[in-house]
Amino acid sequence: MELSVKSISDEKQEWEKVGISLPNYDIEKIRENTLKRPVWLHFGPGNIFRGFIGSIVDKLIDSGDMDTGIVAMSNFDGEIIDKIYKPFDMLTLSVGLRADGNSDKRVLAGIGNALKADEDSKDELKKIATNESLQMISFTITEKGYAVKDMSGELLPVAEKDIKNGPDASVTAMGIVAALLYYRFKENKCPIAVVSMDNCSKNGSKLKAAVLTMAKGWLDNGFVSEDFISYLEDESKVTFPWSMIDKITPRPADEVAEELEKLGVKNMAPIVTSKNTYIAPFVNAEIPEYLVIEDSFPNGRPPLEKAGVYMTDRDTVNKAETMKVTTCLNPLHTALAVCGCLLGFNKISDEMMDEDLKNLVYALGQEGLKVVVNPGIIKPEDFINEVLTERLPNPFMPDTPQRIATDTSQKLVIRYGETIKAYLKEGKLDDLKIIPFVIAAWLRYLMGVDDEGREMTLSSDPLLDDLTPLVAGIKLGRKIDDVSGINYILSKEDLFGVNLLEQENMVQKIMGYLNDMIEGPGAVRRTLKKL
(Lines give C-alpha, C1' and ligand atoms only; values in the text may rest on other atoms or scores of the structure.)
Protein backbone atom coordinates (compact mmCIF):
# COMPACT_ATOMS: atom_id res chain seq x y z
CA MET A 1 0.00 0.00 0.00
CA GLU A 2 1.14 3.51 -0.82
CA LEU A 3 -0.30 6.77 0.45
CA SER A 4 -1.91 7.89 -2.80
CA VAL A 5 -5.39 8.52 -4.15
CA LYS A 6 -4.99 5.52 -6.47
CA SER A 7 -3.90 3.15 -3.70
CA ILE A 8 -6.67 4.04 -1.25
CA SER A 9 -9.14 3.52 -4.08
CA ASP A 10 -7.71 0.36 -5.66
CA GLU A 11 -6.66 -1.32 -2.41
CA LYS A 12 -9.44 -0.04 -0.17
CA GLN A 13 -10.03 -3.43 1.47
CA GLU A 14 -6.32 -3.85 2.26
CA TRP A 15 -6.20 -0.48 4.05
CA GLU A 16 -9.36 -1.14 6.02
CA LYS A 17 -8.24 -4.67 6.89
CA VAL A 18 -5.29 -3.27 8.88
CA GLY A 19 -7.53 -0.78 10.69
CA ILE A 20 -6.93 2.38 8.64
CA SER A 21 -10.12 4.34 7.89
CA LEU A 22 -10.47 6.01 4.49
CA PRO A 23 -12.41 8.99 3.12
CA ASN A 24 -15.92 8.21 1.90
CA TYR A 25 -16.11 11.08 -0.57
CA ASP A 26 -15.02 11.84 -4.13
CA ILE A 27 -11.56 13.33 -3.57
CA GLU A 28 -11.09 14.52 -7.15
CA LYS A 29 -14.45 16.29 -7.13
CA ILE A 30 -13.55 18.06 -3.88
CA ARG A 31 -10.30 19.23 -5.45
CA GLU A 32 -12.06 20.48 -8.58
CA ASN A 33 -14.46 22.46 -6.40
CA THR A 34 -11.54 23.88 -4.40
CA LEU A 35 -9.93 25.25 -7.54
CA LYS A 36 -13.19 26.81 -8.76
CA ARG A 37 -14.44 28.33 -5.50
CA PRO A 38 -11.91 28.23 -2.67
CA VAL A 39 -13.42 28.85 0.77
CA TRP A 40 -10.45 28.47 3.13
CA LEU A 41 -6.75 29.34 2.67
CA HIS A 42 -4.27 28.35 5.37
CA PHE A 43 -0.68 29.50 6.01
CA GLY A 44 1.56 26.95 7.73
CA PRO A 45 1.25 23.42 6.29
CA GLY A 46 3.01 21.63 9.17
CA ASN A 47 2.02 18.85 11.52
CA ILE A 48 -0.69 20.52 13.62
CA PHE A 49 -2.35 21.81 10.47
CA ARG A 50 -2.37 18.42 8.79
CA GLY A 51 -3.37 16.47 11.88
CA PHE A 52 -5.95 18.88 13.34
CA ILE A 53 -7.15 21.62 10.95
CA GLY A 54 -7.01 19.19 8.02
CA SER A 55 -8.98 16.70 10.10
CA ILE A 56 -11.72 19.28 10.76
CA VAL A 57 -12.12 19.87 7.03
CA ASP A 58 -12.05 16.12 6.35
CA LYS A 59 -14.88 15.56 8.87
CA LEU A 60 -17.02 18.32 7.35
CA ILE A 61 -16.53 16.99 3.82
CA ASP A 62 -17.26 13.45 5.00
CA SER A 63 -20.52 14.58 6.63
CA GLY A 64 -21.57 16.54 3.55
CA ASP A 65 -21.24 19.92 5.28
CA MET A 66 -18.42 21.09 2.96
CA ASP A 67 -17.81 20.36 -0.69
CA THR A 68 -14.45 22.09 -1.05
CA GLY A 69 -11.09 21.38 0.56
CA ILE A 70 -8.67 23.70 2.33
CA VAL A 71 -5.77 25.29 0.43
CA ALA A 72 -2.44 24.82 2.22
CA MET A 73 0.17 27.52 1.73
CA SER A 74 3.85 27.46 2.74
CA ASN A 75 5.77 30.71 2.76
CA PHE A 76 8.59 29.49 5.02
CA ASP A 77 9.53 25.94 4.01
CA GLY A 78 8.65 24.94 0.46
CA GLU A 79 10.31 21.55 0.89
CA ILE A 80 7.24 20.44 2.85
CA ILE A 81 5.16 20.86 -0.30
CA ASP A 82 7.78 19.26 -2.58
CA LYS A 83 8.69 16.31 -0.37
CA ILE A 84 5.54 15.50 1.62
CA TYR A 85 2.50 16.99 -0.10
CA LYS A 86 3.16 16.32 -3.79
CA PRO A 87 4.65 12.79 -3.53
CA PHE A 88 1.70 11.62 -1.40
CA ASP A 89 -1.13 13.27 -3.35
CA MET A 90 -1.73 15.81 -0.56
CA LEU A 91 -3.02 13.01 1.68
CA THR A 92 -2.19 12.69 5.38
CA LEU A 93 -2.14 9.49 7.40
CA SER A 94 -3.36 10.59 10.82
CA VAL A 95 -2.27 8.46 13.80
CA GLY A 96 -4.00 9.28 17.09
CA LEU A 97 -1.95 7.88 19.97
CA ARG A 98 -3.88 6.55 22.97
CA ALA A 99 -2.36 6.09 26.42
CA ASP A 100 -3.16 2.34 26.35
CA GLY A 101 -0.91 1.82 23.32
CA ASN A 102 -3.68 1.63 20.74
CA SER A 103 -3.98 4.16 17.94
CA ASP A 104 -6.68 5.57 15.67
CA LYS A 105 -5.56 5.64 12.05
CA ARG A 106 -7.27 7.51 9.23
CA VAL A 107 -6.30 8.84 5.82
CA LEU A 108 -7.29 12.52 5.59
CA ALA A 109 -8.02 14.08 2.21
CA GLY A 110 -9.39 17.48 3.17
CA ILE A 111 -6.50 19.39 1.59
CA GLY A 112 -7.77 20.53 -1.81
CA ASN A 113 -4.63 22.29 -3.03
CA ALA A 114 -1.10 23.02 -1.79
CA LEU A 115 1.07 25.97 -2.79
CA LYS A 116 4.35 27.56 -1.81
CA ALA A 117 5.43 31.18 -1.96
CA ASP A 118 7.29 31.29 -5.24
CA GLU A 119 6.87 32.90 -8.63
CA ASP A 120 4.98 29.86 -9.97
CA SER A 121 2.25 30.20 -7.33
CA LYS A 122 1.83 33.99 -7.31
CA ASP A 123 -0.98 34.08 -9.87
CA GLU A 124 -2.81 31.17 -8.22
CA LEU A 125 -2.59 32.82 -4.79
CA LYS A 126 -3.86 36.09 -6.22
CA LYS A 127 -6.74 34.25 -7.89
CA ILE A 128 -7.69 32.60 -4.59
CA ALA A 129 -7.43 35.87 -2.63
CA THR A 130 -9.69 37.76 -5.02
CA ASN A 131 -12.34 35.03 -5.32
CA GLU A 132 -15.58 36.14 -3.66
CA SER A 133 -16.05 32.57 -2.39
CA LEU A 134 -13.06 32.86 -0.02
CA GLN A 135 -14.34 33.13 3.54
CA MET A 136 -11.19 32.92 5.62
CA ILE A 137 -7.42 32.90 5.69
CA SER A 138 -5.99 31.09 8.73
CA PHE A 139 -2.55 30.50 10.22
CA THR A 140 -0.45 28.02 12.16
CA ILE A 141 2.96 29.65 11.71
CA THR A 142 4.05 29.77 15.41
CA GLU A 143 4.33 32.93 17.51
CA LYS A 144 7.46 34.18 15.79
CA GLY A 145 5.68 34.16 12.41
CA TYR A 146 3.80 37.32 13.43
CA ALA A 147 6.88 39.23 14.52
CA VAL A 148 7.52 42.35 12.46
CA LYS A 149 9.40 44.27 15.19
CA ASP A 150 12.29 43.43 17.51
CA MET A 151 12.52 43.76 21.31
CA SER A 152 13.18 47.50 21.05
CA GLY A 153 10.18 48.11 18.79
CA GLU A 154 12.21 48.57 15.63
CA LEU A 155 11.12 46.93 12.38
CA LEU A 156 12.83 43.61 11.71
CA PRO A 157 15.03 43.74 8.58
CA VAL A 158 12.80 41.25 6.71
CA ALA A 159 9.66 43.30 7.48
CA GLU A 160 11.43 46.54 6.57
CA LYS A 161 12.46 45.00 3.25
CA ASP A 162 8.86 43.92 2.51
CA ILE A 163 7.63 47.43 3.29
CA LYS A 164 10.25 49.05 1.05
CA ASN A 165 9.65 46.61 -1.83
CA GLY A 166 5.85 46.76 -1.76
CA PRO A 167 3.03 44.17 -1.89
CA ASP A 168 4.13 42.41 -5.10
CA ALA A 169 7.59 41.58 -3.73
CA SER A 170 6.64 40.47 -0.19
CA VAL A 171 8.24 37.30 1.18
CA THR A 172 7.26 37.21 4.88
CA ALA A 173 3.97 35.66 6.01
CA MET A 174 2.68 39.02 7.22
CA GLY A 175 3.76 40.74 4.02
CA ILE A 176 2.16 38.09 1.82
CA VAL A 177 -1.18 38.08 3.67
CA ALA A 178 -1.29 41.88 3.65
CA ALA A 179 -0.62 41.76 -0.10
CA LEU A 180 -3.40 39.20 -0.64
CA LEU A 181 -5.82 41.42 1.28
CA TYR A 182 -4.72 44.36 -0.87
CA TYR A 183 -5.47 42.41 -4.07
CA ARG A 184 -8.90 41.52 -2.68
CA PHE A 185 -9.51 45.17 -1.79
CA LYS A 186 -8.59 46.31 -5.30
CA GLU A 187 -10.64 43.57 -7.02
CA ASN A 188 -13.94 43.57 -5.14
CA LYS A 189 -13.58 44.81 -1.52
CA CYS A 190 -15.24 41.52 -0.49
CA PRO A 191 -15.40 40.68 3.23
CA ILE A 192 -13.11 38.08 4.79
CA ALA A 193 -11.99 36.70 8.17
CA VAL A 194 -8.26 36.46 8.89
CA VAL A 195 -7.83 33.90 11.67
CA SER A 196 -4.72 33.11 13.69
CA MET A 197 -4.92 29.56 15.04
CA ASP A 198 -1.54 29.78 16.70
CA ASN A 199 -0.77 29.02 20.29
CA CYS A 200 -0.51 32.56 21.64
CA SER A 201 -2.77 34.82 23.65
CA LYS A 202 -4.91 37.43 21.86
CA ASN A 203 -3.57 36.01 18.61
CA GLY A 204 -6.11 37.90 16.49
CA SER A 205 -4.85 41.22 17.82
CA LYS A 206 -1.23 40.23 17.14
CA LEU A 207 -2.14 39.27 13.57
CA LYS A 208 -4.10 42.47 12.97
CA ALA A 209 -1.29 44.65 14.35
CA ALA A 210 1.28 42.92 12.12
CA VAL A 211 -0.87 43.23 8.98
CA LEU A 212 -1.58 46.91 9.70
CA THR A 213 2.13 47.55 10.27
CA MET A 214 2.85 46.24 6.77
CA ALA A 215 -0.09 48.08 5.19
CA LYS A 216 0.69 51.42 6.86
CA GLY A 217 4.32 51.04 5.83
CA TRP A 218 3.17 50.65 2.24
CA LEU A 219 0.94 53.70 2.65
CA ASP A 220 3.94 55.74 3.79
CA ASN A 221 5.90 54.50 0.78
CA GLY A 222 3.14 55.25 -1.71
CA PHE A 223 2.21 51.65 -2.60
CA VAL A 224 -1.38 51.71 -1.25
CA SER A 225 -4.09 54.28 -0.55
CA GLU A 226 -5.68 55.34 2.74
CA ASP A 227 -8.82 53.50 1.59
CA PHE A 228 -7.00 50.18 1.95
CA ILE A 229 -6.23 50.92 5.61
CA SER A 230 -9.90 51.80 6.13
CA TYR A 231 -10.89 48.47 4.54
CA LEU A 232 -8.61 46.55 6.94
CA GLU A 233 -9.99 48.43 9.95
CA ASP A 234 -13.67 48.04 8.94
CA GLU A 235 -14.98 44.98 10.85
CA SER A 236 -17.87 44.62 8.42
CA LYS A 237 -15.19 43.90 5.80
CA VAL A 238 -12.15 42.36 7.51
CA THR A 239 -12.10 40.64 10.90
CA PHE A 240 -9.27 39.13 12.90
CA PRO A 241 -11.04 36.64 15.19
CA TRP A 242 -9.25 35.38 18.30
CA SER A 243 -8.85 31.65 18.83
CA MET A 244 -7.50 29.03 21.21
CA ILE A 245 -6.00 25.82 19.85
CA ASP A 246 -4.78 22.80 21.75
CA LYS A 247 -3.56 19.47 20.45
CA ILE A 248 -0.09 18.15 21.26
CA THR A 249 1.41 17.23 17.89
CA PRO A 250 5.04 16.15 18.32
CA ARG A 251 7.56 15.43 15.62
CA PRO A 252 6.81 12.25 13.66
CA ALA A 253 8.29 9.27 15.47
CA ASP A 254 10.37 6.53 13.85
CA GLU A 255 8.46 3.96 15.93
CA VAL A 256 5.17 5.06 14.35
CA ALA A 257 6.71 4.92 10.87
CA GLU A 258 7.94 1.37 11.59
CA GLU A 259 4.50 0.32 12.82
CA LEU A 260 2.87 1.63 9.64
CA GLU A 261 5.47 -0.12 7.49
CA LYS A 262 4.71 -3.39 9.31
CA LEU A 263 1.05 -2.92 8.41
CA GLY A 264 2.09 -2.70 4.77
CA VAL A 265 2.13 1.06 4.18
CA LYS A 266 5.26 1.94 2.19
CA ASN A 267 7.58 4.96 2.36
CA MET A 268 6.56 6.29 5.77
CA ALA A 269 10.01 7.44 6.93
CA PRO A 270 10.12 10.98 8.43
CA ILE A 271 12.33 13.61 6.85
CA VAL A 272 14.06 16.75 8.09
CA THR A 273 14.03 19.66 5.65
CA SER A 274 16.90 22.10 5.20
CA LYS A 275 14.86 24.54 7.35
CA ASN A 276 14.91 21.91 10.14
CA THR A 277 11.24 20.97 9.82
CA TYR A 278 10.54 17.43 11.07
CA ILE A 279 7.72 16.00 8.98
CA ALA A 280 6.47 12.73 7.49
CA PRO A 281 3.64 11.38 5.32
CA PHE A 282 1.89 10.66 8.63
CA VAL A 283 1.12 12.85 11.64
CA ASN A 284 1.25 11.34 15.14
CA ALA A 285 -0.67 13.23 17.80
CA GLU A 286 -2.61 12.83 21.00
CA ILE A 287 -6.38 12.22 20.89
CA PRO A 288 -7.60 15.23 22.96
CA GLU A 289 -8.05 18.39 20.89
CA TYR A 290 -9.62 21.79 21.45
CA LEU A 291 -10.28 24.67 19.08
CA VAL A 292 -12.23 27.71 20.28
CA ILE A 293 -12.87 30.51 17.76
CA GLU A 294 -14.50 33.93 18.02
CA ASP A 295 -17.51 33.72 15.72
CA SER A 296 -16.82 36.80 13.57
CA PHE A 297 -16.89 35.88 9.88
CA PRO A 298 -18.25 38.68 7.64
CA ASN A 299 -18.29 36.52 4.50
CA GLY A 300 -19.79 33.44 6.18
CA ARG A 301 -17.93 30.28 7.22
CA PRO A 302 -18.08 26.48 7.15
CA PRO A 303 -20.16 24.94 9.99
CA LEU A 304 -17.08 24.36 12.12
CA GLU A 305 -19.10 23.52 15.23
CA LYS A 306 -20.24 20.31 13.50
CA ALA A 307 -16.61 19.15 13.65
CA GLY A 308 -16.25 19.88 17.37
CA VAL A 309 -15.00 23.48 17.19
CA TYR A 310 -16.31 25.80 19.92
CA MET A 311 -17.72 28.91 18.18
CA THR A 312 -18.22 31.66 20.73
CA ASP A 313 -17.52 35.31 21.62
CA ARG A 314 -14.14 37.01 22.06
CA ASP A 315 -14.33 37.15 25.84
CA THR A 316 -14.87 33.39 26.10
CA VAL A 317 -12.04 32.71 23.65
CA ASN A 318 -9.75 34.93 25.70
CA LYS A 319 -10.68 33.14 28.94
CA ALA A 320 -10.18 29.70 27.35
CA GLU A 321 -6.83 30.76 25.89
CA THR A 322 -5.73 32.32 29.17
CA MET A 323 -6.74 29.17 31.02
CA LYS A 324 -4.68 26.93 28.75
CA VAL A 325 -1.68 29.14 28.01
CA THR A 326 -1.18 30.65 31.47
CA THR A 327 -2.21 27.79 33.74
CA CYS A 328 -3.40 24.41 32.55
CA LEU A 329 -0.96 23.27 29.84
CA ASN A 330 1.65 25.57 28.34
CA PRO A 331 3.41 26.69 31.57
CA LEU A 332 3.68 23.05 32.61
CA HIS A 333 5.09 22.14 29.21
CA THR A 334 7.74 24.87 29.31
CA ALA A 335 8.78 23.94 32.85
CA LEU A 336 9.19 20.30 31.78
CA ALA A 337 11.04 21.37 28.63
CA VAL A 338 13.66 23.52 30.35
CA CYS A 339 14.18 21.16 33.30
CA GLY A 340 14.05 18.09 31.06
CA CYS A 341 16.84 19.43 28.87
CA LEU A 342 18.98 20.22 31.91
CA LEU A 343 18.38 16.80 33.47
CA GLY A 344 18.98 14.80 30.29
CA PHE A 345 15.43 13.66 29.50
CA ASN A 346 14.39 12.94 25.91
CA LYS A 347 10.70 12.29 26.43
CA ILE A 348 8.01 14.31 28.22
CA SER A 349 6.18 11.21 29.45
CA ASP A 350 9.39 9.98 31.11
CA GLU A 351 9.59 13.28 32.99
CA MET A 352 6.13 12.62 34.40
CA MET A 353 7.52 9.41 35.92
CA ASP A 354 10.10 11.49 37.80
CA GLU A 355 8.72 12.37 41.24
CA ASP A 356 10.49 15.74 41.47
CA LEU A 357 9.34 16.93 38.05
CA LYS A 358 5.84 15.61 38.60
CA ASN A 359 5.64 17.52 41.88
CA LEU A 360 6.96 20.61 40.11
CA VAL A 361 4.22 20.75 37.47
CA TYR A 362 1.46 19.87 39.93
CA ALA A 363 2.58 22.76 42.16
CA LEU A 364 2.96 25.07 39.17
CA GLY A 365 -0.60 24.27 38.10
CA GLN A 366 -1.89 25.13 41.56
CA GLU A 367 -0.18 28.55 41.41
CA GLY A 368 -1.99 29.30 38.17
CA LEU A 369 -5.38 27.92 39.24
CA LYS A 370 -5.54 30.46 42.08
CA VAL A 371 -5.91 33.35 39.61
CA VAL A 372 -7.27 31.79 36.40
CA VAL A 373 -10.81 32.64 35.21
CA ASN A 374 -13.23 29.85 34.29
CA PRO A 375 -14.18 30.31 30.59
CA GLY A 376 -17.49 28.54 31.10
CA ILE A 377 -17.16 26.11 28.18
CA ILE A 378 -14.32 24.09 29.76
CA LYS A 379 -13.64 23.80 33.51
CA PRO A 380 -10.00 24.68 34.37
CA GLU A 381 -9.85 21.94 37.04
CA ASP A 382 -11.06 19.30 34.56
CA PHE A 383 -8.72 20.56 31.84
CA ILE A 384 -5.59 20.52 34.00
CA ASN A 385 -6.51 17.15 35.48
CA GLU A 386 -6.69 15.67 31.97
CA VAL A 387 -3.31 17.26 31.16
CA LEU A 388 -1.59 15.97 34.30
CA THR A 389 -3.10 12.49 34.49
CA GLU A 390 -3.65 11.54 30.84
CA ARG A 391 -1.96 13.79 28.31
CA LEU A 392 1.53 14.50 29.64
CA PRO A 393 2.10 10.97 31.06
CA ASN A 394 1.01 9.25 27.79
CA PRO A 395 4.03 6.96 27.14
CA PHE A 396 3.14 6.56 23.48
CA MET A 397 3.44 10.28 22.72
CA PRO A 398 6.96 10.77 21.32
CA ASP A 399 7.20 14.38 22.48
CA THR A 400 10.52 15.78 23.64
CA PRO A 401 11.57 18.58 25.99
CA GLN A 402 13.96 19.73 23.25
CA ARG A 403 11.06 20.38 20.84
CA ILE A 404 9.02 22.23 23.44
CA ALA A 405 12.03 24.34 24.50
CA THR A 406 12.03 25.89 21.02
CA ASP A 407 11.35 29.66 21.07
CA THR A 408 11.01 29.78 24.87
CA SER A 409 11.86 33.50 24.92
CA GLN A 410 8.72 34.15 22.88
CA LYS A 411 6.51 32.15 25.27
CA LEU A 412 7.46 33.36 28.75
CA VAL A 413 5.46 36.60 28.57
CA ILE A 414 2.18 34.72 28.23
CA ARG A 415 2.90 31.43 29.98
CA TYR A 416 4.15 33.10 33.15
CA GLY A 417 3.75 36.86 32.67
CA GLU A 418 -0.03 36.82 32.92
CA THR A 419 0.01 34.91 36.22
CA ILE A 420 2.76 37.21 37.57
CA LYS A 421 0.60 40.23 36.69
CA ALA A 422 -2.47 38.67 38.33
CA TYR A 423 -0.55 38.02 41.57
CA LEU A 424 0.95 41.52 41.40
CA LYS A 425 -2.52 43.04 41.00
CA GLU A 426 -3.75 41.19 44.08
CA GLY A 427 -0.67 42.23 46.09
CA LYS A 428 0.39 38.59 46.45
CA LEU A 429 3.49 38.43 44.28
CA ASP A 430 5.54 37.18 47.25
CA ASP A 431 3.37 34.03 47.29
CA LEU A 432 4.87 32.81 44.01
CA LYS A 433 7.47 30.10 44.52
CA ILE A 434 7.36 27.87 41.45
CA ILE A 435 7.33 30.47 38.66
CA PRO A 436 10.52 32.15 40.02
CA PHE A 437 12.16 28.71 39.98
CA VAL A 438 11.14 28.09 36.33
CA ILE A 439 12.52 31.49 35.29
CA ALA A 440 15.77 30.69 37.12
CA ALA A 441 15.87 27.27 35.44
CA TRP A 442 15.50 28.97 32.05
CA LEU A 443 18.42 31.30 32.85
CA ARG A 444 20.40 28.22 33.91
CA TYR A 445 19.38 26.51 30.64
CA LEU A 446 20.72 29.46 28.60
CA MET A 447 24.21 28.61 29.88
CA GLY A 448 24.17 25.63 27.48
CA VAL A 449 25.49 23.24 30.14
CA ASP A 450 23.42 20.36 31.54
CA ASP A 451 23.20 19.31 35.19
CA GLU A 452 26.19 17.00 34.80
CA GLY A 453 28.32 19.88 33.54
CA ARG A 454 28.31 18.69 29.93
CA GLU A 455 27.82 21.01 26.97
CA MET A 456 24.20 21.00 25.82
CA THR A 457 22.67 22.03 22.49
CA LEU A 458 20.05 24.73 22.96
CA SER A 459 16.81 24.56 21.00
CA SER A 460 16.31 27.22 18.35
CA ASP A 461 15.07 30.59 19.58
CA PRO A 462 15.09 33.96 17.78
CA LEU A 463 16.71 35.65 20.80
CA LEU A 464 19.45 33.12 21.54
CA ASP A 465 22.16 35.32 20.01
CA ASP A 466 21.02 38.20 22.22
CA LEU A 467 20.51 36.22 25.42
CA THR A 468 23.39 33.74 25.63
CA PRO A 469 26.13 36.42 25.81
CA LEU A 470 24.31 37.89 28.84
CA VAL A 471 24.88 34.67 30.82
CA ALA A 472 28.24 33.78 29.29
CA GLY A 473 30.13 34.81 32.44
CA ILE A 474 28.21 32.42 34.67
CA LYS A 475 30.13 29.22 35.40
CA LEU A 476 29.36 26.09 37.42
CA GLY A 477 30.99 26.10 40.83
CA ARG A 478 31.59 29.85 40.83
CA LYS A 479 29.55 32.57 42.46
CA ILE A 480 27.96 35.09 40.08
CA ASP A 481 30.10 38.23 40.36
CA ASP A 482 28.56 40.28 37.54
CA VAL A 483 24.74 40.29 37.61
CA SER A 484 24.33 42.99 34.95
CA GLY A 485 23.37 40.51 32.21
CA ILE A 486 20.80 38.79 34.41
CA ASN A 487 19.42 42.15 35.51
CA TYR A 488 19.05 43.25 31.91
CA ILE A 489 17.09 40.09 31.06
CA LEU A 490 14.85 40.44 34.12
CA SER A 491 14.14 44.08 33.26
CA LYS A 492 12.64 43.19 29.85
CA GLU A 493 8.89 43.67 30.10
CA ASP A 494 8.36 42.07 26.70
CA LEU A 495 9.89 38.85 28.07
CA PHE A 496 7.96 38.59 31.34
CA GLY A 497 5.00 40.96 31.04
CA VAL A 498 6.42 43.15 33.83
CA ASN A 499 9.82 44.60 34.69
CA LEU A 500 10.89 41.94 37.20
CA LEU A 501 13.88 44.01 38.25
CA GLU A 502 11.43 46.34 40.01
CA GLN A 503 10.14 43.43 42.12
CA GLU A 504 12.87 42.98 44.72
CA ASN A 505 11.58 39.80 46.36
CA MET A 506 11.02 38.17 42.98
CA VAL A 507 14.59 38.96 41.93
CA GLN A 508 15.93 37.56 45.21
CA LYS A 509 14.02 34.30 44.70
CA ILE A 510 15.17 33.94 41.08
CA MET A 511 18.79 34.71 41.96
CA GLY A 512 18.61 32.38 44.96
CA TYR A 513 17.43 29.48 42.82
CA LEU A 514 19.97 30.29 40.09
CA ASN A 515 22.88 30.43 42.55
CA ASP A 516 21.76 27.10 44.00
CA MET A 517 21.61 25.57 40.50
CA ILE A 518 25.17 26.56 39.57
CA GLU A 519 26.90 25.20 42.68
CA GLY A 520 28.21 22.30 40.62
CA PRO A 521 27.17 19.06 38.87
CA GLY A 522 23.83 17.76 40.18
CA ALA A 523 22.85 21.16 41.62
CA VAL A 524 19.74 21.49 39.43
CA ARG A 525 18.42 18.18 40.77
CA ARG A 526 19.24 19.14 44.36
CA THR A 527 17.50 22.53 44.01
CA LEU A 528 14.47 20.91 42.41
CA LYS A 529 14.24 18.28 45.15
CA LYS A 530 14.57 20.95 47.85
CA LEU A 531 11.80 23.00 46.19
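Two strands count as paired here if DSSP finds at least two bridges between them. Helices (H or I, at least four residues) and strands (E, at least two) are DSSP runs, numbered from the N terminus. What you're looking at is a predicted model, so local features need pLDDT of at least 70 and side-chain atom pairs count only at pLDDT 80 or more, while totals for chains, interfaces and linings use all residues. Residues are numbered from 1 along each chain as its sequence is written, and side-chain values use heavy atoms, with hydrogens and water left out.

Let's start with a sheet. Four strands make an open sheet with mixed pairing, in the order β1-β5-β4-β13. β1 (20-21) and β13 (282-286) sit at the edges with a single partner strand each, so one side of each has no neighbour in the sheet. Inside this sheet, β4 (residues 92-97) runs parallel to β13, and five bridges join the two. One place to look is Gly 96, which stands opposite Ala 285 in β13. Helix α4 (residues 47-62) packs on the sheet and touches β4, β5 (103-108) and β13; a contact means heavy atoms within 4.5 Å. The direction of α4 makes about 70 degrees with that of β5, where axes are lines fitted to C-alpha atoms, for helices over the stretch in contact, and angles run from 0 to 180 degrees between N-to-C directions.

Now for strand β10 (residues 243-246). It pairs with β14 (residues 290-294) in the antiparallel sense over four bridges, and Asp 246 stands opposite Tyr 290 in β14. Side chains in a regular strand alternate between the two faces of the sheet. In β10, Ser 243 and Ile 245 point one way, Met 244 and Asp 246 point the other way, and all are buried. Buried means under 20% relative accessible area, exposed means over 50%, and partly exposed is in between (1.4 Å probe, protein chains only).

After α7 comes Gly 166, with a positive phi near 90 degrees.

Helix α18 (residues 408-415) is another story: six of its eight residues are buried, so the helix is largely enclosed by the rest of the structure. Among them are Lys 411 and Arg 415.

Next, find Val 372 in the loop between α15 (355-369) and α16 (380-391). Val 372 is buried, with a relative accessible area of 17%. Leaving aside neighbours within four places in sequence, it is in contact with Thr 322, Met 323, Thr 327 and Pro 380.

Of its 18 lining residues, the closest to the centre are Thr 322, Val 371, Val 373, Glu 418 and Ala 422. α12 (314-328) and α19 (417-425) each supply at least two lining residues, and α12 gives the most, with seven. On a 1 Å grid over the protein atoms alone, a pocket is an open set of points with protein on both sides within 12 Å along at least five of seven lines, and lining residues have an atom within 4 Å of a point.

Definitions and conventions: 1 Å grid on protein atoms, 1.4 Å probe; cavity = no way out; pocket = protein on both sides within 12 Å on 5 of 7 lines; lining within 4 Å.
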